[in-house]
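Reader: I am new to this structure and would like to go through it with you. Could we start now?

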Amino acid sequence: MNNFEKRLFLDYLDKMINYVDLRSYSFDEVLEFFLYQFKIKRTMFKFDDDGVLLTETIKQRQEIVKKLKTIVRELKEKIPVRSTKLEKRFLLIKEIYNLKENEYQAFLFCMIQELNKVFEEFDNSIKGCSFDVFTRRYLGVRFCIREQIINNLFLSKLITNKSNYPTVNPDMIKIFNNEKCNSMDKIIAALLGKSEKSTLSLKDFSHIEKSKNRVVNILKSAIDKKSKGINILLYGNVGSGKTEFSKLVANTVSTPIYAVKTELSNGDEAKRTDRLADLYSKQQILSRSGNGCILFDEAEDVMNRGFDSNGSASKGYLNKILESTPVPVIWTTNNISDVDPAFLRRMTYAIEFEKLSEDARLNIWNKVLQKNKLKVSKTKIEELNKSYDIPPSLIANAVQTTKMINGSEDDFEDLIVNVAKVITKKKDVKEKKEQTLSNYDISLVNTDMDMNELTEKITQSGKLNFSLCLYGVSGSGKSAYSKYLAKTLGLEVVSKRASDLMSKWVGETEQNIAGAFAEAKSKGAMLIFDEADSFLQDRSNANHSWEVSQVNEMLTWMESHEYPFICTTNLMDSLDEASLRRFTFKLGFNFMTNEQVNKAMDVFFNIKNTNLSIKGLTAGDFATVKKKADFLNITDVNELTKLLQEEVNMKKIPELNKKSIGF
C-alpha cells in the first residue's frame with residue numbers, strides 16, 4: 001500500500017468502525033493486515049493459542065473498537081499528505097469528468113476495491129456494506145443524493161450499472177493498470193479512442209452541394225465559438241454515405257470526431273443505456289477543450305424509444321442530451337418516421353440522404369476498388385454500376401470479400417448480385433434496360449394534342465416542374481414518348497413499374513414511392529411511373545387503409561416534386577380525381593389513323609404507298625410484327641397485313657373486328 005491507500009484505508013476504518021462485524025472471518029484478516037502494514041504490536045489485542053481474535057463478549061468487542069479508534073487517529077496524523085502517483089491519477093479522472101466531491105469519493109470507493117483486495121476484505125467485514133450503506137455512513141448523504149451520485153457516475157461511464165453493488169467500467173480499470181496513462185492527455189486519448197477518418201472527399205457528395213457546405217460552416221463556427229446545443233441529423237437510405245459524410249465534414253474543419261460505441265469492451269452488444277452513457281462520457285471529456293465532435297451512428301434504436309433510462313420519453317433528459325451538449329453531435333439514422341418530434345425540433349440542421357446518382361456511385365466504385373487494390377476492368381465497373389443500383393457500403397463489402405477469397409471479376413459480380421438481393425428483397429436484382437420502340441417517330445403517335453408543338457413549347461420554356469398524365473390504349477407510345485421527351489430535354493430517366501414499388505409489407509410501398517421521387521430528385525431526372533393506376537386509384541373505392549395511404553403518398557410527392565414527372569395508364573377512369581388536378585397536361589393516346597398506319601409500313605418495313613386500312617393498330621403492334629417478320633423472313637405486304645390484323649383481333653374489341661381490311 002502506498003501512502004494514499006493507507007490514508008484512505010484509515011479514513012474508511014475511522015468513520016465506519018462502529019459498523020464492523022468483529023466476528024467475521026474477513027475482519028480477522030483485515031486486522032492481521034492492519035497490524036502488519038502499520039507495525040502494530042499484537043499484544044494490544046487478545047488472541048487465542050491459534051491466533052484467533054478473542055471477541056466473545058460485547059465488552060471485549062467494545063474494547064477492540066475503542067483501541068482501534070485511538071490507533072487509527074494517531075496513525076492518520078503520521079501518514080504524509082503528499083500525493084502519490086495513484087492519487088494523482090484519481091484526481092485527473094475527477095478533473096476530466098468534473099466530478100463533485102461526493103461523486104469523487106463514491107468512485108474511489110468502487111475503484112479502490114478493484115485495485116486492492118485489502119479494501120475488498122475490509123468492506124466484507126462491514127455489515128451490509130453496499131453502495132447505499134457507504135454513501136449513508138461514510139458520506140452522510142440522503143437517499144435522493146445517493147441516486148444523483150450513482151446516476152452521474154453511470155452517465156459518465158465510470159460504472160456500468162446502478163445497483164447497490166456497482167461494477168467499475170473495465171476501460172477505467174485498464175487505465176489505472178496502464179503505467180503509461182500518467183497524464184491528462186494520455187488518459188483522455190485512452191478514453192476517447194481514435195478519431196474517425198474518412199476515405200472520401202467533398203466532391204463525392206456533389207449531389208448535396210448546398211447542404212454539405214452549410215454543414216461544414218455550421219460545424220466550423222460551432223467549434224470556433226464553442227457553441228452549445230449543436231446537433232446535426234443525417235437521415236435517409238441505407239448505405240448512402242451518412243457515416244462517411246459525418247467523418248468527412250469533421251476532417252474538413254480539422255476537428256477530431258469520436259464515435260459512440262456500439263459494443264462493450266467485452267464484445268457484448270451495447271444496449272441503449274450503454275450508448276447514451278458513452279455519449280455523455282464523451283461530452284464531459286470533450287467539454288474541456290471544446291475541440292472535437294461526436295458521431296452517434298445508427299441512432300434509431302435510441303431515438304425511437306425515448307431518452308431516459310427507463311425507456312420512456314423524458315423531456316428533461318432529452319433537453320440535457322440535446323440542448324446542453326457542450327460539443328457538436330452528428331446523428332445518423334435510416335428512418336425518421338418513428339422519431340419523437342421533440343428530438344427533431346432540437347436539430348440544428350438536417351440532411352436527407354437520397355440515392356446516389358449513377359456518376360456519384362461510379363466514383364465510389366472506383367475509390368473502393370482502388371483503396372482495396374482489387375483489379376476490375378473499367379468496362380466491368382461501368383457495367384456493374386449501371387446494372388446494380390446498390391449503396392456504397394455493399395460495394396465495399398463485396399470488394400473486401402473478393403479480396404479475402406482471392407477472387408476474380410466473376411466472383412466479384414456474384415458477390416454484388418448476392419448482396420443486392422438482400423438489400424432489394426428481390427430475386428432478379430439486375431437493372432433491366434428499358435425497351436424502346438425501334439425507329440421511333442413522334443408522327444406515328446395519335447393524341448388529342450399536337451405532340452411536336454407540345455414538345456417544342458416544353459423545351460423552350462426551360463422549366464422542369466411539370467407533370468404529364470399519358471393515358472389511352474396499350475402500345476400507343478405513351479412510355480416511348482416519355483423517354484423521347486426526356487432525351488429532348490437532356491434528362492436522365494428514372495422509370496418505375498408497379499412491380500418495382502408494390503410490397504406486401506405495410507408501409508413499404510409508401511417508402512418505395514418516396515424513394516423513387518427522391519432518386520429522381522437526386523439525379524435531376526425525369527420520373528416515369530408506368531401502370532400508375534396501381535398507385536392513384538380512386539380512394540372512394542378503397543377497401544383497405546393502406547390503399548388510401550399509398551394514394552396520399554403519391555399525391556404529396558406530386559405536389560412538391562420539382563422535376564418532370566410522367567404517369568402512364570390504360571385505365572384513366574379509375575384514377576383518383578385529386579390526382580388529375582395535379583397533372584400539368586393530360587394527353588389521350590389513341591389508335592393510329594389510316595395515314596399513320598401507312599406511314600408505319602414505310603418506317604418499319606420500307607413499304608410505301610400501301611393504302612392500308614386497318615383500325616385499332618398502334619406503333620407497338622408494328623414493333624411486334626416487325627420482330628416476328630424478321631424471325632420468319634416475311635416481306636410480302638399481304639402476309640404482313642395478315643399479321644397486323646391478327647394483332648388487332650387479339651385485342652378482342654368487337655367494333656374493330658367487324659370491319660374488313662382493304663387497299
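**A loop lysine and what surrounds the topic**

Author: This is a predicted model. In it, lysine 226 is exposed, because its relative accessible area is 52% and the cut-off for exposed is over 50%.

Reader: Where is lysine 226 placed in the chain?

Author: Lysine 226 sits in the loop between helix 11 (209–225) and strand 1 (231–236). Its phi is positive, about 55°, although lysine 226 is not a glycine.

Reader: And lysine 157, what is its phi near?

Author: Phi of lysine 157 is near 65°, again a positive value in a residue other than glycine. Lysine 157 belongs to the loop between helix 8 (143–155) and helix 9 (170–177).

Reader: Is lysine 157 buried or exposed?

Author: Lysine 157 is buried, with a relative accessible area of 15%.

Reader: Let me step back to the whole chain. How many helices and strands are there?

Author: The secondary structure comes to 30 helices and 11 strands. The chain has 663 residues, and buried residues make up 49% of them.

Reader: What share of the contacts join residues at least 24 apart?

Author: That share is 73%, counted among contacts between residues at least 6 apart in sequence.

Reader: Now to helix packing. At what angle do the axes of helix 5 and helix 7 cross?

Author: The axes of helix 5 (residues 101–115) and helix 7 (residues 131–139) cross at roughly 130° and come within 11 Å. Helix 5 is therefore oblique to helix 7. The crossing of these two helices is right-handed.

Reader: Which residues make that contact?

Author: Helix 5 contributes Asn102, Gln105, Ala106, Phe109 and Cys110, while helix 7 contributes Phe131, Phe134, Tyr138 and Leu139. By type, the residues of the contact of helix 5 with helix 7 divide into 7 nonpolar, 2 polar and no charged.

Reader: Which residues do ring pairs link into a cluster?

Author: The cluster consists of Phe9, Tyr12, Phe33, Phe34, Phe38, Phe109, Phe119, Phe134 and Tyr138. Among the residues of the helix 5 and helix 7 contact are Phe109, Phe134 and Tyr138.

Reader: How many aromatic pairs does a search of the whole structure find?

Author: The search finds 27 aromatic pairs. One of them joins phenylalanine 565 and phenylalanine 583, and it is stacked, at 6.4 Å centre to centre with 10° between the planes.

Reader: Why does that pair tie together parts of the chain?

Author: Phenylalanine 565 lies in strand 10 (residues 565–569) and phenylalanine 583 in the loop between helix 26 (577–581) and strand 11 (585–590), so the pair ties together parts that are 18 residues apart in sequence. Phenylalanine 565 counts as buried at 3% relative accessibility, and phenylalanine 583 is buried with a relative accessible area of 4%.

Reader: What about phenylalanine 604 and phenylalanine 622: how far apart are the centres of their rings?

Author: The ring centres of phenylalanine 604 and phenylalanine 622 are 5.6 Å apart and the planes are at 25°, so this pair is stacked. Phenylalanine 604 is in helix 27 (residues 594–605) and phenylalanine 622 in helix 28 (residues 619–632), so placed that the pair links distant parts of the chain, 18 residues apart. Both phenylalanine 604 and phenylalanine 622 are buried.

Reader: Back to helices. At what angle do helix 21 and helix 22 pack?

Author: Helix 21 (residues 451–461) and helix 22 (residues 478–489) pack at about 40°, and their axes are 10 Å apart. Helix 21 passes helix 22 in a right-handed crossing.

Reader: Which residues meet there?

Author: From helix 21, Met451, Leu454, Thr455, Ile458 and Thr459 meet Tyr481, Tyr484, Leu485, Thr488 and Leu489 of helix 22. These residues divide into 7 nonpolar, 3 polar and no charged.

Technical notes:
Residues are numbered from 1 along each chain as its sequence is written. This is a predicted model: local features need pLDDT of at least 70, side-chain atom pairs count only at pLDDT 80 or more; totals for chains, interfaces and linings use all residues. Side-chain values use heavy atoms; hydrogens and water are left out. Axes are lines fitted to C-alpha atoms, for helices over the stretch in contact, and angles run from 0 to 180 degrees between N-to-C directions. Helices (H or I, at least four residues) and strands (E, at least two) are DSSP runs, numbered from the N terminus. Angles under 35 degrees count as roughly parallel, over 145 as roughly antiparallel, 65 to 115 as roughly perpendicular and the rest as oblique. A crossing is left-handed if the near helix is turned anticlockwise from the far one by less than a right angle, and right-handed if clockwise. Contact means heavy atoms within 4.5 Å. Ala, Val, Leu, Ile, Met, Phe, Trp, Tyr, Cys and Pro count as nonpolar, Asp, Glu, Lys and Arg as charged, and the others, Gly among them, as polar. Rings of Phe, Tyr and Trp (its six-membered ring) pair if their centres lie within 6.5 Å; planes under 30 degrees apart count as stacked, over 60 as edge-to-face and the rest as tilted. Buried means under 20% relative accessible area, exposed over 50%, partly exposed in between (1.4 Å probe, protein chains only).
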